[in-house]
Amino acid sequence: MKHTALILFGLGRLFFDEERMNVDERFETEYSAWLAKHIRESRGERLRRLKTRHGFGEKLLLQQAWWPIVANLDFLYPEYEVIAPDGKYYYPDFVYLRSPQPTCLEADSFSSHARDADRHTFSRGLDRQNEIEFANCHILRFSIDKLKEDPLSCQQHIRRMMEQWYGEEQPDLLALPLYQREIVRLAIRSIAPITIAMACECLGKKRNFVYPQINELVKKNWLEPASGTHRIRSYRLVSRRFVH
């Protein structure tokens with residue numbers, strides 16, 4: 001019996017690794033084609049930046065935070081040119097050009113934005129962010145350390161962006177019963193794992209009503225335990241729940 005369980009575990013791990021490899025291969029293929037397309041279509045300073053400045057941190061943002069949630073690179077423009085009223089040019093790492101309002105996404109390293117920055121660089125960085133805001137863009141910034149060490153937290157911000165700013169919700173989410181749908185939305189909004197008490201407060205219902213709803217969401221692969229073993233204390237959104 002123990003030997004059989006080990007075989008089943010090994011097979012499950014193999015299928016997971018193969019699925020992960022397929023996802024990674026698809027990202028690499030689409031990323032390479034997408035970047036080559038933008039290089040072909042660019043001129044001047046934007047072209048120079050795409051060839052010399054678009055590198056590890058920018059790709060990491062897409063691979064670790066963007067791709068697991070959105071699963072495509074549509075409407076996304078690297079090193080997009082923003083022109084200030086005084087004629088200065090700014091180039092956010094990415095601009096997501098969709099109605100009702102574009103979003104700029106930045107991958108920030110600690111060394112370039114804090115430790116090694118002089119007063120002029122620091123001031124110009126603030127001017128840059130202000131001009132992006134004046135261009136009527138949202139802005140989301142991710143540290144490279146966070147992208148490497150806690151990608152799920154970064155994915156949560158992308159998921160909330162897609163839902164709150166662009167109204168993206170999966171058809172199977174809309175198909176859930178009302179109270180289960182609101183529990184999932186609570187999990188999407190919450191940075192930390194949610195508890196039954198949080199769900200009770202959100203729904204205005206008691207524990208004996210909320211607990212079965214959460215159990216159903218676990219069975220439907222929307223939620224998974226985040227803490228506790230015999231007695232589960234909190235739940236989080238299943239990381240493979242993508243917004244397309």
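Begin with H3, a mostly covered helix in which twelve of the 15 residues are buried (under 20% relative accessible area, with exposed over 50% and partly exposed in between, using a 1.4 Å probe and protein chains only). The model is predicted, so local features need pLDDT of at least 70 and side-chain atom pairs count only at pLDDT 80 or more, while totals for chains, interfaces and linings use all residues. Residues are numbered from 1 along each chain as its sequence is written, and side-chain values use heavy atoms, leaving out hydrogens and water.

Select residues 56-70 to display H3, which reaches 20 Å from its first C-alpha to its last, close to the 21 Å expected at 1.5 Å a residue (1.5 Å times one less than the number of residues). Helices are DSSP runs of H or I with at least four residues, numbered from the N terminus. Among the buried residues of H3 are Trp66 and Trp67.

The Glu45 and Arg48 side chains form a salt bridge at 2.7 Å, N to O (a side-chain nitrogen of Lys or Arg within 4 Å of a carboxyl oxygen of Asp or Glu). These two residues lie three apart in helix H2 (residues 44-52), so about one helical turn separates them. Glu45 also meets Arg49 in a salt bridge, at 2.9 Å, N to O. Arg49 is buried at 16%, whereas Arg48 is partly exposed at 40%.

Finally, select Arg185 and Glu182, whose side chains meet in a salt bridge of 2.7 Å, N to O. Both belong to helix H9 (residues 178-189).
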